[in-house]
Amino acid sequence: WEFNGSFYQPSAFLMMGIPGLEALHPWISIPFCALYLTALLGNCVILFIIKRTQSLHEPMYYFLSMLAVTDLGLALCTLPTTLGLFWFNVRRIGFDACLTQMYFIHILSFIESSVLLAMAFDRFVAISHPLRHPSILTKTTVLKIGLAIVLRGMVSLLPIPFLLKRLTYCGKTELSHSFCFHPDIMNLACADIKVNVFYGMIILLSTVGMDFIFIVLSYILIIRTVVSLATKEECLKALNTCVSHICAVLVFFIPMIGLSMIHRFGKNVPPLVNTLVAYTYLIIPPALNPVIYSIKSTHIREALLRALRRKSG
């Protein structure tokens, strides 16, 4: 412990694996390795295919590239500590290293939420105003949207590490997960955390919360447009372009909302449930998104098959 008058700060935190299953961590690491490998390879393949295929150089796939980069970042943020704990029982993480990991995990989560909103806007414009779509979402506009998304995440979360550093910590130093999460660190403090709770709630509602509301509104407008289409075939064709995005939204937002609710209101929730929801939130979306888009997007699938034929030939 570092002591400065009445101010206490731990030099490190202790991470937790899966409660009650510590003896099985080496075996449990096998599905985790499979998920991380899928996330890393899958998202790299998506980026490679989009870069190499000229016909995919359009807004929908630019936003998909942003999603793939974000998913790669999320996977790489949690991979070292998670597999380090499962393989080598490395539980200790330095205080500043923990705050750094936490900052990037939250930034990338907020960026993913914003990218999913941008993708919903792209689908709305493509379906409701197909003739104006290329002029509305130009390459410059997409680039500006990408920069705005990154800046919003970085700036809105910048105070969080400093709000945690000002707190006095005492007693327990055990985190609930094999990675650092803001509510988890905050609840280890023995000081007044009202500012942290209030700021965290405001930022969550004004970013991820607003993103989710606007995504829902986008789909309400999309459905209204689709219903007005002349034929059933046109209606199904329009909706089919949204299936991958809807799956990505559900895979990301359901566990995120669940984890936020558990950390704020689920004091009596079993630790195992908390842990499983956290892993679902941070590991499943990066692994599933490239699979979803590879299966549902005809253009991605065809480009991938062409690339494989060229290599085999």
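**A serine between two helices, and beyond**

Tutor: Serine 297 is found in the loop between helix H11 (271-296) and helix H12 (298-312), where helices (H or I, at least four residues) and strands (E, at least two) are DSSP runs numbered from the N terminus. This is a predicted model, in which local features need pLDDT of at least 70 and side-chain atom pairs count only at pLDDT 80 or more, while totals for chains, interfaces and linings use all residues. Residues are numbered from 1 along each chain as its sequence is written, and side-chain values use heavy atoms, with hydrogens and water left out.

Serine 297 counts as buried because its relative accessibility is 6%; buried means under 20% relative accessible area, exposed over 50%, and partly exposed in between (1.4 Å probe, protein chains only). Its side chain reaches the backbone nitrogen of isoleucine 300 at 3.3 Å, a polar contact being a pair of N or O atoms within 3.5 Å, of which, within protein, one must be able to donate a hydrogen and the other to accept it, with residues adjacent in sequence counting only if both atoms are side-chain atoms. When neighbours within four places in sequence are left aside, serine 297 is in contact with Tyr61, Ser244 and Ile292, contact meaning heavy atoms within 4.5 Å.

Threonine 298 lies in helix H12 and, at 37% relative accessibility, counts as partly exposed. Between threonine 298 and methionine 256 there are 29 Å in space, C-alpha to C-alpha, for a separation of 42 residues in sequence.

Aspartate 211, in helix H8 (residues 194-227), is buried, with a relative accessible area of 3%. The side chains of aspartate 211 and serine 114 are joined by a polar contact of 3.3 Å; not counting residues up to four places away in sequence, aspartate 211 touches Phe110, Ser113, Ser114, Leu117 and Arg152. Leucine 217 also belongs to helix H8 but is partly exposed, at 40% relative accessibility, and its C-alpha is 9.9 Å from that of phenylalanine 124, which is 93 residues away in sequence.

Ser114 also takes part in the packing of two helices, being among the H3 residues that meet H5. Helix H3 (residues 95-128) and helix H5 (residues 139-157) pack at an angle of about 145 degrees with axes 9 Å apart, the axes being lines fitted to C-alpha atoms, for helices over the stretch in contact, and angles running from 0 to 180 degrees between N-to-C directions. On the H3 side the contact includes Tyr103, His106, Ile107 and Phe110, and on the H5 side Ile145, Ile149, Val150 and Arg152. The residues of this contact divide into eleven nonpolar, four polar and one charged.

A further loop, between helix H2 (59-88) and strand E4 (92-94), holds asparagine 89, which is exposed, with a relative accessible area of 52%. Asparagine 89 has a positive phi of about 55 degrees although it is not a glycine. Most residues other than glycine have a negative phi.

Among the spans that an unreviewed UniProt entry records as "transmembrane region" are residues 62-88 and 197-222. Residues 62-88 are 100% helix and 0% strand, with end C-alpha atoms 39 Å apart, and residues 197-222 are likewise 100% helix and 0% strand, with end C-alpha atoms 36 Å apart.

Conventions: Nonpolar A, V, L, I, M, F, W, Y, C, P; charged D, E, K, R; others polar. UniProt positions renumbered as here; feature names shortened; annotations may be inferred.
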